[in-house]
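Here are some notes for a colleague who is opening this structure for the first time. Please read them with the model on screen.

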There are 2 protein chains.
Amino acid sequence: MPSKVLISTANRLYDARTIDQVGLSVKMDVDSTAVMSHVRHLRDRFTSATLRDVDSWKPEHKISGQAKFINQNTVAVNGQHYQAKSFIIAVGSTPNIIKEWKDILNDRFLTTDQIFELPQLPKSLAVIGSGVIAIELAQAFHRLGVETTIFARSNKVGILSSPKLQDMAHEELLRELNIRFETLPEQVSLENDQIKITYHNKQSQLETIFTDYLLSATGRSSLLSTLTLEKINPAYGDVKTLPIDLQTKQLGEYPIFIVGDAFSKTPLQHEAAHEGRATVQNCLNYPQVQNIKTLAPLGIVFCSPEMAIVGQTFQQLNDAKADFVTGFASYEKQSRALTLGKNQG
Amino acid sequence: MPSKVLISTANRLYDARTIDQVGLSVKMDVDSTAVMSHVRHLRDRFTSATLRDVDSWKPEHKISGQAKFINQNTVAVNGQHYQAKSFIIAVGSTPNIIKEWKDILNDRFLTTDQIFELPQLPKSLAVIGSGVIAIELAQAFHRLGVETTIFARSNKVGILSSPKLQDMAHEELLRELNIRFETLPEQVSLENDQIKITYHNKQSQLETIFTDYLLSATGRSSLLSTLTLEKINPAYGDVKTLPIDLQTKQLGEYPIFIVGDAFSKTPLQHEAAHEGRATVQNCLNYPQVQNIKTLAPLGIVFCSPEMAIVGQTFQQLNDAKADFVTGFASYEKQSRALTLGKNQG
């Protein structure tokens with residue numbers, strides 16, 4: 001959610017700066033010092049509603065502490081054992097970090113959990129990753145005036161698997177953003193209160209840039225590994241191979257359901273809400289477990305122009321050797337898009 | 001369409017001016033001299049596609065001139081008589097004007113057809129009317145920095161017939177706009193290169209304002225009256241009482257269909273397109289005439305915040321003594337609206 005506030009603010013500024021598209025000429029003098037506190041202010045306002053809800057629960061219904069499974073019916077927290085007929089696990093996830101760089105760069109190495117705590121906008125930022133979050137944040141910071149460099153392991157940006165759409169996404173985003181595809185930093189160090197990043201460019205030449213912060217946005221890992229699930233079943237030592245039913249979120253044959261970021265291919269808010277509600281029903285009615293009705297698959301990158309997938313992706317259709325046709329419509333000459341000065345992409 | 005370009009430009013400027021809602025402080029210096037030419041430029045671009053289409057028709061299929069009906073099968077244009085199995089009438093409409101004021105004010109008296117021809121934004125503008133077009137244009141000019149005064153015959157603004165929604169519309173729009181309800185100009189004159197408007201305020205005191213232009217936005221009249229329809233049927237002398245079938249747009253029992261602004265309760269573009277296509281079918285298949293499938297009733301005022309009606313209005317339901325419930329949802333605390341700084345109304 002804080003990323004959406006940042007994106008919205010960045011786009012508002014971008015709209016103001018590109019206002020000449022609609023016949024106005026504006027000289028602007030922007031003071032963006034309050035942006036980060038605005039982001040935190042709204043984030044805290046949004047989360048406070050949920051926190052208030054949890055706060056209103058009776059204290060005897062809440063236990064705070066690190067939980068570990070003892071067996072399929074028992075969880076230990078703070079040395080106490082708790083038993084339940086069924087469990088919902090919603091431990092969430094944590095951003096992946098490169099431990100070695102974190103040690104070198106300290107608080108200059110940021111994850112998506114930490115970046116919103118910056119007291120003010122940095123002057124420059126390097127972003128690692130070209131997935132949803134990386135592109136959204138990089139573009140937002142760029143539009144807010146932060147000098148931004150993006151390093152991407154692959155040649156792919158965002159979520160589109162259709163080659164034609166990837167080409168368009170490249171073209172549109174590279175017009176604005178400094179993205180180095182198939183290029184990753186090789187060495188990082190602190191030098192004169194800045195981060196020095198060394199990497200080989202595509203021509204295999206060694207290059208160096210200096211930047212204030214390094215944002216690692218290369219995905220998140222589930223916190224399931226903290227729960228000692230191997231006590232339930234020795235085969236559950238590797239949380240990446242857990243036999244979780246995609247339709248019911250049930251773990252194996254156990255009365256255990258895993259939802260949210262802890263195990264999810266459905267990260268959007270309405271999907272998470274639906275999944276949560278349906279799983280509570282399954283838990284209460286256990287062992288009668290119903291499939292969680294699948295909503296239409298939906299993926300969105302809130303960059304500009306936006307990318308979105310509804311239903312199966314190009315790659316899924318291709319992999320399934322499905323017989324499909326592709327259509328193409330452009331907004332470039334569409335009246336409403338032209339009227340709004342938003343006829344790109 | 002030109003009004004939508006003006007509205008879009010005005011809202012873009014308003015968004016830039018109110019950018020402090022999202023944590024940015026911007027000093028702006030706006031030059032809006034190019035706005036009107038931008039509006040005309042886009043309008044001409046949009047209409048040129050339609051004009052190109054008409055231009056591509058063979059000359060022998062087009063006759064240019066004032067048409068008058070001789071009888072139900074015959075039309076006279078430039079002294080020539082033309083006969084057809086069936087007719088579609090799409091003569092459009094013309095803005096209502098107050099003849100007496102037009103004579104006094106000359107080119108300072110504007111209709112919605114003329115206002116987009118202004119070489120640049122005026123400094124001040126008086127608008128008569130509080131319907132869709134009046135409110136849309138008045139707000140757009142106001143947001144572009146034009147000092148705007150609105151005179152409204154009634155106490156109603158826009159299209160909402162629900163008293164609660166009217167109250168909200170009043171509250172929101174009066175926060176920004178200078179609307180004088182139940183107040184109309186009584187006298188207008190030219191004085192020192194400005195319009196002097198005299199009127200009684202609600203306390204029955206005589207007041208005077210000076211303004212650069214007067215925009216009359218009190219609706220449009222069909223141009224059907226130019227067609228001498230009374231030659232078809234003597235009862236058709238008053239075009240306001242023509243027996244036009246709402247389902248088929250057919251005039252009485254004649255092979256004549258009236259579409260578009262000439263007779264329409266469906267002024268939106270997609271409705272007009274649908275109506276046009278379906279009527280051509282009816283004409284070609286005459287005398288087999290099918291009902292033009294009715295799209296869901298839809299009304300929108302592109303003011304900020306927008307007003308819209310889908311389906312039957314409060315008044316229609318009330319008049320039909322229908323049993324109905326009203327629901328209420330506010331965007332005031334909605335996360336996305338807050339994120340965008342658009343949580344009013």
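1. Start at A:D193, in the loop between β11 and β12 of chain A. Its phi is near 65 degrees. That is a positive value in a residue other than glycine. Keep in mind throughout that this is a predicted model.

2. A:E182 is another residue to check. Its phi is positive, about 50 degrees, and A:E182 is not a glycine. Look for A:E182 in the loop between β10 (178-181) and β11 (187-191) of chain A.

3. Next comes the hairpin of β12(A) and β13(A). Five residues lie between its strands. The strands themselves, β12 (residues 194-200) and β13 (residues 206-211) of chain A, pair in the antiparallel sense. Six bridges hold the pairing. Which residue of β13(A) stands opposite A:K196? It is A:F210.

4. Now turn to chain B. Strand β12 (residues 194-200) of chain B pairs with β13(B) over six bridges, in the antiparallel sense. B:K196 has B:F210 in β13(B) as its bridge partner. These strands belong to an open sheet of three, in the order β11-β12-β13 (chain B), with antiparallel pairing. Which strands stand at the edges? They are β11 (187-191) and β13 (206-211) of chain B. Each has a single partner strand, so one side of each is left without a neighbour in the sheet. From one strand to the next, the twist averages 25 degrees.

5. The order is β2-β3-β4 (chain A), and the pairing is antiparallel. Here the edge strands are β2 (67-71) and β4 (80-83) of chain A. Each of them has a single partner strand, so one side of each lacks a neighbour in the sheet. The twist averages 35 degrees from one strand to the next.

6. Stay with that sheet for one pairing in detail. Strand β3 (residues 74-77) of chain A runs antiparallel to β4(A), and four bridges join the two. Within β4(A), A:Q80 is the bridge partner of A:V77.

7. The helices come next. Two packed helices are described by the angle between their axes and the distance between the axes. In chain A, take helix α1 (residues 2-17) and helix α2 (residues 35-55). Their axes come within 9 Å and cross at roughly 140 degrees.

8. The residues of the contact divide into eight nonpolar, two polar and one charged.

9. Chain B has a helix pair to view as well. The axes of α1 (residues 2-17) and α2 (residues 35-55) of chain B come within 9 Å, crossing at roughly 140 degrees. That makes α1(B) oblique to α2(B). Their crossing is right-handed. On α1(B), the contact uses B:P2, B:V5, B:L6 and B:T9. On α2(B), it uses B:V35, B:M36, B:H38, B:V39, B:L42, B:R43 and B:F46. Eight residues of this contact are nonpolar, two are polar and one is charged.

10. A cis peptide bond runs from A:S304 to A:P305, with omega near -10 degrees. A:P305 sits in the loop between β17 (298-301) and β18 (307-310) of chain A. In chain B, the bond joining B:S304 and B:P305 is cis, with omega about -10 degrees. B:P305 is in the loop between β17 (298-301) and β18 (307-310) of chain B.

11. Last, consider the chains as a pair. The same surface serves both copies, as 100% of the contact residues of chain B recur in chain A.

Methods: Residues numbered from 1 in each chain as written. Chains lettered and ligands numbered in written order. Predicted model: local features only at pLDDT ≥ 70, side-chain atom pairs only at ≥ 80, totals over all residues. Heavy atoms only, no water. Pairing = 2+ DSSP bridges. Axes fitted to C-alpha atoms, helices over the stretch in contact; angles between N-to-C directions. Parallel < 35°, antiparallel > 145°, perpendicular 65-115°, else oblique. Left-handed = near helix turned anticlockwise from the far one by under 90°. Contact = heavy atoms within 4.5 Å. Nonpolar A, V, L, I, M, F, W, Y, C, P; charged D, E, K, R; others polar.
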